[in-house]
Amino acid sequence: MQGYILKVTRAKNEDLIVTILTPATIHTLYRFYGARHSTINLGYKIDFEIEYTLGYMPKLRRITHLGFSWLKTLSKALIWQRFITLLAKHLEGIEEIDPFYFELLEKIAKKLAKQDAKRVMIESYIELLRFEGRLHTHFECLVCETPIQEDPVLVRAFLSAHSSCIPKRTFDRKKIEYAMRYADTQFLEDEEIEGLWQILQEGL
Ligand SMILES: [Zn+2]
C-alpha cells in the first residue's frame with residue numbers, strides 16, 4: 001500500500017516508530033534499525049507492507065520511496081515538511097481517517113512541482129478548513145462577536161477580528177475574501193502570503 005510519512009520517532013536501539021497516513025488509516029508501525037535498507041524521512045511518500053505479530057506493534061516492511069522531483073529543492077522540501085509536521089499534530093490520536101487528508105497531500109505533492117510552495121500550502125489549508133467546517137467566509141470578530149466592516153486581522157485557523165480588538169496586522173478584506181472563497185491566492189502579494197504562512201504555522 002501507499003502512504004505519507006507523518007512522523008518518525010526514535011525507539012530503543014535506534015529503531016524507529018513511524019506514523020504513516022494512508023487513505024483510510026493512520027498507521028503507527030515499528031521499524032527495526034537492522035532492517036533499514038531505504039531511507040525514511042518525514043513527508044516521504046512510500047510504498048510499504050505491514051507485518052502483524054500478535055502482541056507487538058505491527059512492523060513496517062518492504063519500503064520503497066516514491067520520490068518527488070521537487071524534493072531536491074530545499075526550500076520546497078522544508079515547507080512541505082513543516083506542513084506535514086503541522087498536519088501530524090492536527091491528526092494526532094486519530095486512526096481511522098477520511099480519504100480527504102491523503103488526497104489533499106496527493107494534490108499538494110502534484111502542485112509543488114509547478115507552484116510556489118507557500119501559496120500551495122495556504123490554498124490547501126483553506127480547503128482543509130472548509131472540509132472540517134471551520135472556514136469563515138463572512139468576517140465576524142472572534143473577540144466581540146460583531147461583524148467586521150474594515151480590513152480584518154487574521155489569527156490562528158484564519159479566524160478574523162477587529163484590529164481594535166486584536167492589535168495585529170490587517171489583511172485586505174476583498175483579497176482575503178476571494179482567497180477563502182475559491183482557495184486561490186492569485187490576488188495576494190508575496191508579503192501577504194508570508195503573513196498568512198506565519199499564521200498557518202501557529203497550528204492547523
Ligand atoms: Zn471585535
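This note walks through the fold of the chain, its strand pairings and its helix contacts.

1. Basis of the model. The structure is a predicted model, in which local features need pLDDT of at least 70 and side-chain atom pairs count only at pLDDT 80 or more, while totals for chains, interfaces and linings use all residues. Residues are numbered from 1 along each chain as its sequence is written.

2. Overall layout. The chain holds five helices and seven strands (helices are DSSP runs of H or I with at least four residues, strands are runs of E with at least two, and both are numbered from the N terminus). Along the sequence these elements follow the pattern β-β-β-β-β-α-α-α-β-β-α-α. Taken along the principal axes, the C-alpha atoms fill a box of roughly 60 × 35 × 25 Å.

3. Domains. The domain assignment gives domain 1 as 1-99 and domain 2 as 115-200, with bounds that come from an automatic or database domain assignment. The C-alpha centres of domain 1 and domain 2 lie 31 Å apart.

4. Strand pairing. Strand β1 (residues 2-10) joins strand β4 (residues 45-51) through three bridges in an antiparallel arrangement, where strands pair if DSSP finds at least two bridges between them. Within that pairing, Gly3 stands opposite Ile46 in β4. Strand β1 also pairs with β2 in the antiparallel sense, over six bridges, and there Ile5 has Ile20 of β2 as its bridge partner.

5. Hairpins. The hairpin of β1 and β2 has five residues between the strands, and Asn13 in this hairpin takes a positive phi near 55 degrees. Strand β2 (residues 16-21) pairs in turn with strand β3 (residues 26-31), antiparallel and over six bridges, with Arg31 of β3 as the bridge partner of Leu16. The hairpin that β2 and β3 form has four residues between them.

6. Helices α1 and α3. Helix α1 (residues 74-90) packs against α3 at an angle of about 20 degrees, with the axes 9 Å apart (axes are lines fitted to C-alpha atoms, for helices over the stretch in contact, and angles run from 0 to 180 degrees between N-to-C directions). The two helices are therefore roughly parallel, given that angles under 35 degrees count as roughly parallel, over 145 as roughly antiparallel, 65 to 115 as roughly perpendicular and the rest as oblique. Ser75, Lys76, Ile79, Trp80 and Phe83 of α1 make the contact with Ala117, Lys118 and Met121 of α3, where contact requires C-beta atoms, placed from the backbone, within 7 Å. By class, this contact of α1 with α3 has five nonpolar, one polar and two charged residues (Ala, Val, Leu, Ile, Met, Phe, Trp, Tyr, Cys and Pro count as nonpolar, Asp, Glu, Lys and Arg as charged, and the others, Gly among them, as polar).

7. Helices α2 and α3. The axes of helix α2 (residues 100-111) and helix α3 (residues 117-131) come within 10 Å and cross at roughly 160 degrees, and α2 and α3 are therefore roughly antiparallel. Phe100, Leu104, Lys107, Ile108 and Lys111 of α2 make the contact with Val120, Ser124, Glu127, Leu128 and Phe131 of α3. That contact of α2 with α3 has six nonpolar, one polar and three charged residues.

8. Helices α3 and α5. Helix α5 (residues 190-200) packs with α3 at about 55 degrees, the axes being 10 Å apart, and α3 and α5 are therefore oblique to each other. In α3, Lys118, Arg119, Met121, Ile122 and Tyr125 meet Ile193, Leu196, Trp197 and Leu200 in α5. The residues of this contact of α3 with α5 divide into seven nonpolar, no polar and two charged.

Key:
Contact = placed C-beta atoms within 7 Å.
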